[in-house]
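Biologist: Can you put the structure up and walk me through it? I will ask as we go.

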Amino acid sequence: MSIEQFMRAYKAAWEQRDEAKFASLFTTDGEYHNTPFAVQRGHTQLAEYWRRVKLQEDVHVTYEVLATTPLGGIAHWHVTYQVASEELFQIWAKSTGTNLVARNPGDPLPKMVLDGVLKAEFDGELCQRCELWWHSMPQEP
């Protein structure tokens with residue numbers, strides 16, 4: 001697998017909000033470090049983590065491959081999505097370590113912007129290890 005092939009499939013799994021497609025990108029013991037201090041290992045944990053994207057709507061992923069090696073690569077990625085549930089908004093707020101965006105009861109949920117870098121290592125046609133560094137914030141109206 002090349003970083004370009006991985007990113008193409010990663011984009012599809014995210015935009016289609018498909019946890020099975022996401023987990024299938026990895027070896028059976030593959031690792032996804034969604035932050036430097038959190039890791040999901042194996043298809044069960046990967047799929048469980050990825051299910052949260054079902055709480056996102058109108059997902060758009062773009063990426064640029066920054067570096068490629070025979071066994072991996074690095075890509076910059078950018079995502080926008082509409083928060084589709086209060087549950088997802090609370091997950092985001094807790095993960096950022098910041099206060100909630102000022103919202104009045106009944107206000108619409110925000111559209112989010114994520115920007116990050118991904119480093120992937122491959123074992124044949126599957127990803128063995130993927131590490132992400134990213135940040136998110138509400139999109140300006």
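**Salt bridges and helix faces**

Modeller: Glutamate 31 forms a salt bridge with arginine 129, and their closest N and O atoms are 2.8 Å apart. That pair links distant parts of the chain, with glutamate 31 in strand 1 (residues 26-35) and arginine 129 in strand 6 (residues 126-138), 98 residues apart. Keep in mind that this is a predicted model.

Biologist: Is glutamate 31 buried or exposed?

Modeller: Glutamate 31 counts as buried, because its relative accessibility is 15% and the cut-off for buried is under 20%. Arginine 129, at 26%, counts as partly exposed.

Biologist: Which residues are in the network of salt bridges?

Modeller: Glu31, Arg41, Lys119, Glu121, Arg129 and Glu131 are linked in that network. Side chains of opposite charge can pair when their charged atoms come close.

Biologist: How many salt bridges does the structure hold?

Modeller: It holds 10 salt bridges. Another of them joins the side chains of lysine 111 and aspartate 58, at 3.1 Å from N to O. Lysine 111 lies in strand 5 (residues 111-123) and aspartate 58 in strand 3 (residues 56-69), so the pair ties together parts that are 53 residues apart in sequence.

Biologist: What is the phi of aspartate 58?

Modeller: Aspartate 58 has a positive phi of about 55°, although it is not a glycine. Most residues other than glycine have a negative phi. Arginine 17 is also a residue other than glycine with a positive phi, near 55°.

Biologist: Where does arginine 17 lie?

Modeller: Arginine 17 lies in the loop between helix 1 and helix 2, just after helix 1. With a relative accessibility of 28%, arginine 17 counts as partly exposed.

Biologist: Let's go to helix 1, then. How many residues has it?

Modeller: Helix 1 (residues 3-15) has 13 residues. From its first C-alpha to its last it reaches 18 Å, close to the 18 Å expected at 1.5 Å a residue.

Biologist: Which of its residues are buried?

Modeller: In helix 1 the buried residues are Ile3, Phe6, Met7, Tyr10, Ala13 and Trp14. They cover an arc of only 125° around the axis, which puts them on the same side of helix 1.

Biologist: Why would residues a few places apart point the same way?

Modeller: An α-helix has 3.6 residues a turn, so residues three or four places apart point the same way. The salt bridge between the side chains of lysine 11 and glutamate 15, at 2.8 Å from N to O, is a case to look at. Lysine 11 and glutamate 15 are separated by about one helical turn, because they are four residues apart in helix 1.

Biologist: Are those two buried, partly exposed or exposed? What are their values?

Modeller: Lysine 11 is partly exposed at 25% relative accessibility, and glutamate 15 is partly exposed at 30%.

Biologist: What about helix 3, which residues are buried there?

Modeller: In helix 3 (residues 42-50), Gly42, Leu46, Ala47, Tyr49 and Trp50 are buried. Seen down the axis, these buried residues fall within an arc of 160°, so they line one face of helix 3. Thr44 and Glu48 are exposed on the other side of helix 3.

Biologist: What covers the buried residues of helix 3?

Modeller: The cover includes helix 1, helix 2 (19-23), strand 1 and strand 2 (38-41).

Biologist: Change of topic. Which residues make the nonpolar surface patch of about 330 Å²?

Modeller: Leu66, Ile74, Val117 and Trp133 make that patch. Tryptophan 133 is in strand 6 and counts as partly exposed, with a relative accessibility of 40%.

Biologist: Last one: where is methionine 1 found, and what does it touch?

Modeller: Methionine 1 is found in the segment before helix 1. Leaving out residues up to four places away in sequence, methionine 1 touches Phe6, Phe122, Gly124, Glu125 and Leu126. At 19% relative accessibility, methionine 1 counts as buried.

Technical notes
Residues are numbered from 1 along each chain as its sequence is written. This is a predicted model: local features need pLDDT of at least 70, side-chain atom pairs count only at pLDDT 80 or more; totals for chains, interfaces and linings use all residues. Side-chain values use heavy atoms; hydrogens and water are left out. Helices (H or I, at least four residues) and strands (E, at least two) are DSSP runs, numbered from the N terminus. The expected span of a helix is 1.5 Å times one less than its number of residues. Buried means under 20% relative accessible area, exposed over 50%, partly exposed in between (1.4 Å probe, protein chains only). The arc is that of the directions from the helix axis to the C-beta atoms. A salt bridge is a side-chain nitrogen of Lys or Arg within 4 Å of a carboxyl oxygen of Asp or Glu. Patches are made of residues with over 30% relative accessible area and no salt bridge: like charges are joined within 9 Å, nonpolar side chains (Val, Leu, Ile, Met, Phe, Trp, Tyr) within 5 Å. Accessible areas come from the Shrake-Rupley method with a 1.4 Å probe; for residues, only the protein chains shown count as cover. Contact means heavy atoms within 4.5 Å.
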